[in-house]
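Here is a short report on how one protein chain packs. Please look over the sequence and the model first.

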Amino acid sequence: MNVHSKEYTSLDIARFIAAFLVMAIHLLPFESINENFSLFFINTICRVAVPFYFMCSGFFISGAGKIRMLRYIKRLVIMYFLYTIIYFPLEVLELRIEYDTFFEATIGFVQKIIFSGSYTHLWYFPSLIFGVLLVYLLHTVFKVKNIKIIIPLIIILYVLGVIGDEFKALASSSPISKWGNLYYNIFVTTRNGLFFAFPLIECGYLIREKIDFHNTQERINLLRGRLSDNHPIGV
């Protein structure tokens, strides 16, 4: 097994574990045992899973090239479309409760498809699609490579997203509440491709692009060899 396959095996194991963490967020497995521990487990450990998935997406598209990235975006759009069809009957029931007229329901559904997910937990798809598209534009179209520009950009976007999503009520009562309310009326949330997915996908992209994993592994193997020479029994 070569270096790269070992790296990907480790990521596959981590993604497998993260899948159970995502399930735990929705199933609350420890809620009936201890509410305090359940709150800690869900809001700390489990919340790492989705950002990790976004970073993995960025890691794997790094260096993919224009054609492969566009194919990846196309595949995501198709998957999102299929899941939207599957969950559409359930969404119809919610739309009938939420809106008074067919026209309002149609506009609201289109808004959800684009910005917040065609169904509650499908928000991940439009966020991932838009986030990957932004990474593609940044690196392939505009060819931005300066880390001194990229890092501050993604930090600012992520901080704004956290403020907007976690402190929405506070933001709505601020002096810029007029603009904040206008934003939420159109884009629904800041947990989207711009403020949440893009910064994390870009982090994964930069990790693979800026770190020479092959040379890193060679240095680790060299260090292991030296340790083995010095301590043959312990190693």
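## Cores

In this predicted model, the largest nonpolar core holds 34 residues, of which F54, I61, L128, V132, V135, F198 and I201 touch the most other members. A nonpolar core is a set of buried Ala, Val, Leu, Ile, Met, Phe, Trp, Tyr and Cys residues joined through side-chain atoms within 4.5 Å. Buried means under 20% relative accessible area, exposed over 50%, and partly exposed in between (1.4 Å probe, protein chains only). At least two residues of this core come from each of α3 (49-61), α4 (66-98), α6 (124-141), α7 (147-166), α9 (177-187) and α10 (193-210). A second, separate core has 9 residues, including A18, A24, I25 and C46.

V132 is in contact (heavy atoms within 4.5 Å) with I61, M69, Y72, I73 and I201, leaving aside neighbours within four places in sequence.

Residues are numbered from 1 along each chain as its sequence is written, and side-chain values use heavy atoms, without hydrogens and water. Local features need pLDDT of at least 70 and side-chain atom pairs count only at pLDDT 80 or more, while totals for chains, interfaces and linings use all residues.

## Fold

The protein has 11 helices and 0 strands. Helices (H or I, at least four residues) and strands (E, at least two) are DSSP runs, numbered from the N terminus. Of its 235 residues, 34% count as buried.

## Largest pocket

The largest share of the lining, 7 residues, comes from α3.

| Lining class | Count |
|---|---|
| Nonpolar | 19 residues |
| Polar | 6 residues |

Ala, Val, Leu, Ile, Met, Phe, Trp, Tyr, Cys and Pro count as nonpolar, Asp, Glu, Lys and Arg as charged, and the others, Gly among them, as polar.

## Aromatic rings

Rings of Phe, Tyr and Trp (its six-membered ring) pair if their centres lie within 6.5 Å; planes under 30 degrees apart count as stacked, over 60 as edge-to-face and the rest as tilted. The count comes to 21 aromatic pairs. F30 and F41 form an edge-to-face pair, 5.1 Å centre to centre with 90° between the planes. F54, W123, Y124, Y158 and F196 form one aromatic cluster.
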